[in-house]
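Me: Hi! I'd like to go through this model with you, a few residues at a time. Ready when you are.

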Amino acid sequence: MARNQNIACVVFICIFNANSISGKVFSRSLSEYRNFQQPHIFSKYDNLNLRIRRSNSIENSSSADHVDTFHSSNLSTTSFALHGESDNEAFVHWTGKNNDTVFVLTRSHRHGAIQSSTLWRSVDYGESYNKIDLPELFSVTYMYSSAADKSKIILSDLNQRQLYITEDTGQTWRHVKLNFSPYRLLLHPSIGKIILAYSLREMKLYVSNDFGSSWTLMKERVTERFFWAVDGVDSNPSVVHMELQDPMGPVTYFACLAPNCEEVDFDKALGTIDFYSLVVENEYIFVQKSTDDLTSFLVSYKRGPFKRAYFPSNLTPLDFNVVDTSDNQVFIAVDHEEDIANLYLSDVTGQFYVTSVENVVGMRYPGKFDVDLVKVKGLNGIYIINKFETSRVDGGVFSQRTYVTFNKGGTWKLINVPEESKRNCFDPEKCNLHLHIGNTNLFFRIPLAVSTKEAPGLILAHGSVGEFLDIDAQVFISRDAGLTWKAAPFKGNHFLNIMDQGSAISAIAAHGLPTNQVHFSCTEGATWVTHNITSSEMNVDGVVNEPGIRTLISSVFGHMNSSDGWVMVKMDFESVLHRQCNHGDFEQWQPAADLVENKVKCIMGENLVYERRKQLSECYYGADYLRPKTTQICSCGREDFECDFGYKLGRDDTTCIKSDWFSEDNFPSALCANGNYNQTKGYRKVAASKCTGGHEMKYLPVETTCPLLAPKGLSIYSEKMCIQRGVNVTFTLTQESGSVEETVYTWSFGNGSSHVTIKGLQKAASITTSFSTVGTYNITVLAINSKGKAQAALTIHVEEGLKGVLVEIPWGARTDMPSYFNVTVLGSDNITKLGNEQPLHFAWHFENKITGAIRQLTWQNVIQQEFHEPGEYKLTLNVFNSVSSVFYTQSVEVYDAMTTVRIHFSEEINDYNSSSLNVRQALAEILCHNLAQILNIRRSRIIMSVPPTQPVVGDLTVLPPNRDVNETETYQVVEMLIDQAKQQYLAFPLFTSDDIVIITDAGVLDLRTGAESSTVPPPPVTVTVVVPVHVNMTTVEEKHSLVAVYISVPVLLAVIGLAVAIIFYYRKKLKSHKKYYPIVKHRSRIHHDSTCSCGEEDILGLDDPEDTIIPDSDFPDNQPTLMILNEPRSGRNNRSPDRIGLVNC
């Protein structure tokens, strides 16, 4: 894509691995947008918005001072000084065509941070400036302007999450605060109100329909590569193309409509793609897919299905750079592993590429790969490149030469030396003009070549004459699109500028060379004049002018010396060109007559005739001038055709012959349609050519009856590579070449099911199935006909869908001690064996109003969390695998002090399956339910957990009392429990009335050591502070005191008597016969009879399950397998930890 087009995306930073052949996809448009988006770079148009950083800066008051108005030989200039405190960066932005508003942004950018910024505005073409008041603490990170409406500008502050917006070229502004960091904004290219915003940290894409005033979330899990629709190509201008990344890693292409992200039709058979490989330009969408041993470059033409792109020869690609996609054809530069960069040209679909030129000068930079190639603007098919005459390995870096093409890469030729420069040639036979158009500009700060569509044929560039390109450069000018050139009469590097559609050009010394002069020409380089623009010398950092190049005004910015601030100089060439051109000042220019040899009058199938000013007519076009152009379609000739894929030019440089490396067996041939296919003659029409008739039939493919061909290029695609068990999935089959109607296709799914055999690709292309078992499956398709066979394979992973979670806190949560949280993950049919069969990820979030948020990500189902403050915490848990996720939230109360009692049982309980989660939960529930009644406390005050140990034990945690209702102290509850346990008063039957289990002992458990003690923790010490009070006794007070005694003593005696009676009753009843607490046989009663809600049915919302609790040994699918580390250490039994049956009563 041309550098001035506004398709915006990002260049990804890639890590180069010398052992990998995986390539990367870049684009010229990506590089330009990245420059535009960098926190310290703003570049919207070529030579429009420039940024220069100075190493020295000053601290002055922020103001704008008029320096002087200087006249020299009728050239009028006006200077202004912008004092920006310590600002060491300047941005200059001209708002648009025929607009007199100029913005200058100065910033202090040091140590990777923006410390301050100042915005200036001029409404008189830069003659004077006023400071714009930014909001407090607003530091401009990015600056954006709308391509749809040049009056709209947005300033963004990434750190403070805010925007400053104008829709009237800065007359009024509005301040918008955001709830996300606007890392990148993407303004719609044709609809002025719509904007996309991207949050890098959250990977979220937001949309605004009112130019930034309000925002809504559009899509999550988006990478930095997203694109607006292309006018005339996409079905709807609101389409957004994007790259999505799954939390588990896979990246996919996705397209939807803004603002609600309604999905649009796209090729879902594409499957996963490489990270940061999506590029959308004009009719084409490019992606990359890589495996361990193969990297494929895929392209979608006019939003059709993605197809693999093919390149000639056996060179291994490393990087791809989409250089240009104009004129219905793709120019792509490929950096090969063999240390060679080649330029390739596609067919109209972008799928098949032929070599245009080899050994192009290219360079890998951090974040991109690019080559020395420039498109001449204003005329189709004209490009200039630099290439190495020998390989880079052999020192070819010093052998660069410049070539030009006038038929979009069909043929390339060296540039002839200007007549006046031939005397500088050391060897006239090996002397040509060579230009600096890329890498040398980067390393040696030589300004880039300049051309514009408003001045077709006019090119300004730096170059040298000789056998190869030399660093010592001077300025050269061409007025016939690069065919002939003329040297300027001055040396060195200069900022070059075109004004008023070419009526004036200027050159000012660049990069640190103090000057107060400008060289300009009003005769397209035929004559030059030098004038002073300031009374003293200045260091020029850049030159900009109005984007439409329809005025004679340009702005120079720089600084007088290292101790001064920024200076803006307005140059007005209207004082030099006094009159507007009339009819007699114009001539008709036919580019083909100059550019094409052998008397051919057409370029790219067109005979174009432009009106242009005569070279020596010193007049100006004017802002309203529209250049007349006439077009005549030409008849087709050999120059309108190029060699087809797999063919090359013969020795006569005219005939296309088959390349040595090409074999039809290794590349796809055309699919047969209705019994016929197009057989190539070795030629294909240049996509950009508009010719018709003529010798067209001599070169076009011939429609031929389809022979029976062996199938080739089978591929199986699935929208997802990880599939949920029991859910239907559709597999799609594609075939690149060969016969399809007579071919038999056999599908195999690798799960023991019967093969599916279908005749004909149309019926076999799509098949839907499901998998009933978790695992990895190899999907294969075998295609066979009498001419041969082909096979394709695809590996998929089937995982269990997550349906719910059970969160347990076995010993409660207390301060300054590790608290354990265990998770049982439930799949369909209450399957809990998920941890061993597939990876699970647990995202934990604890939040408290005082302590804030605590976040952790684990790969185990248990977390050890320590709290330092008591109180209520909100637990939010997100559990996910590759195919599903579940969300859970609950409140967790953290206490300062709790006591845990370990309970021991008679040996009868060991006859049952203590490793069963269901049995342990039932046991914990019945103990919890009945002990609360015996101990006369709230059931919510005790937590019962049963570890999967032998012998079976139970851990009862007693929570602190509620002081508001005067509950029994914790030590009293524990003392009562231990006392009754030691006397073996507590017993209960299990599954039958004959299976009696007795609580034989209990002791206080030390959670840190695992030791047990019969000593009950002492009651909390109550400190009473006695304050002496002097009381004056009176008769009335004595009466009140006696009344209180009369009332309180009988009440106290009654309460004591009642308590003694209750205790005596229960002790007598328990001693006379042991109390049997029946175990609940119906699991539904476990939940309805208590306040506990920790069973699987509660989480899943299922109906009542089977009536009886059956040991899990008969049902292996229900065996818990998730291991936890939550059992206190015991010196007697160092067992492996496992799931605990837990009930919070």
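Predicted model: local features only at pLDDT ≥ 70, side-chain atom pairs only at ≥ 80, totals over all residues.

Me: Where does histidine 462 lie, and is histidine 462 buried or exposed?
Reply: Histidine 462 is part of strand E37, which covers residues 459-466. Histidine 462 counts as buried because its relative accessibility is 0%.

Me: What does histidine 462 touch, leaving out residues up to four places away in sequence?
Reply: Quite a list! Among them are His434, Leu435 and His436, then Ile446 and Pro447. The list also includes Ala473, Gln474 and Val475, as well as Gly492, Asn493, His494 and Leu496.

Me: Great, let's switch to cysteines. How many disulfides does a search of the whole structure find?
Reply: The search finds six. We can look at some of them in turn.

Me: What about cysteine 256: which cysteine does it form a disulfide with?
Reply: Cysteine 256 is bonded to cysteine 261, with the sulfur atoms 2.1 Å apart. The angle about the S-S bond is -80 degrees, and this link is left-handed. Both cysteine 256 and cysteine 261 are buried.

Me: And which cysteine pairs with cysteine 581?
Reply: Cysteine 581 forms a disulfide with cysteine 619, and their sulfur atoms are 2.0 Å apart. This link is right-handed, with 100 degrees about the S-S bond.

Me: Are cysteine 581 and cysteine 619 buried or exposed?
Reply: Cysteine 581 counts as buried because its relative accessibility is 13%. Cysteine 619 is buried too, at 0%.

Me: What does cysteine 636 form a disulfide with?
Reply: Its partner is cysteine 691, with 2.0 Å between the sulfur atoms. With 95 degrees about the S-S bond, the link of cysteine 636 and cysteine 691 is right-handed. The pair links distant parts of the chain, 55 residues apart: cysteine 636 is in the loop between E49 and strand E50 (641-643), and cysteine 691 is in the loop between strand E54 (683-685) and helix H4 (696-699). Cysteine 636 is buried, at 2% relative accessible area, and cysteine 691 is buried at 1%.

Me: One more cysteine: what is the relative accessible area of cysteine 722?
Reply: It is 21%, so cysteine 722 counts as partly exposed.

Me: Last stop, threonine 630. Where is it?
Reply: Threonine 630 is in strand E49, residues 629-633. At 47% relative accessibility, threonine 630 is partly exposed.

Me: And what is threonine 630 in contact with, beyond its neighbours within four places in sequence?
Reply: Asn607, Leu608 and Val609. Also, the C-alpha atoms of threonine 630 and tyrosine 610 are 6.7 Å apart, with 20 residues separating the two along the chain.

How values were computed:
Residues numbered from 1 in each chain as written. Heavy atoms only, no water. Helix = DSSP H or I, 4+ residues; strand = E, 2+ residues; numbered from the N terminus. Buried < 20%, exposed > 50% of the residue type's maximum accessible area, 1.4 Å probe, protein only. Contact = heavy atoms within 4.5 Å. Disulfide = S-S within 2.5 Å.
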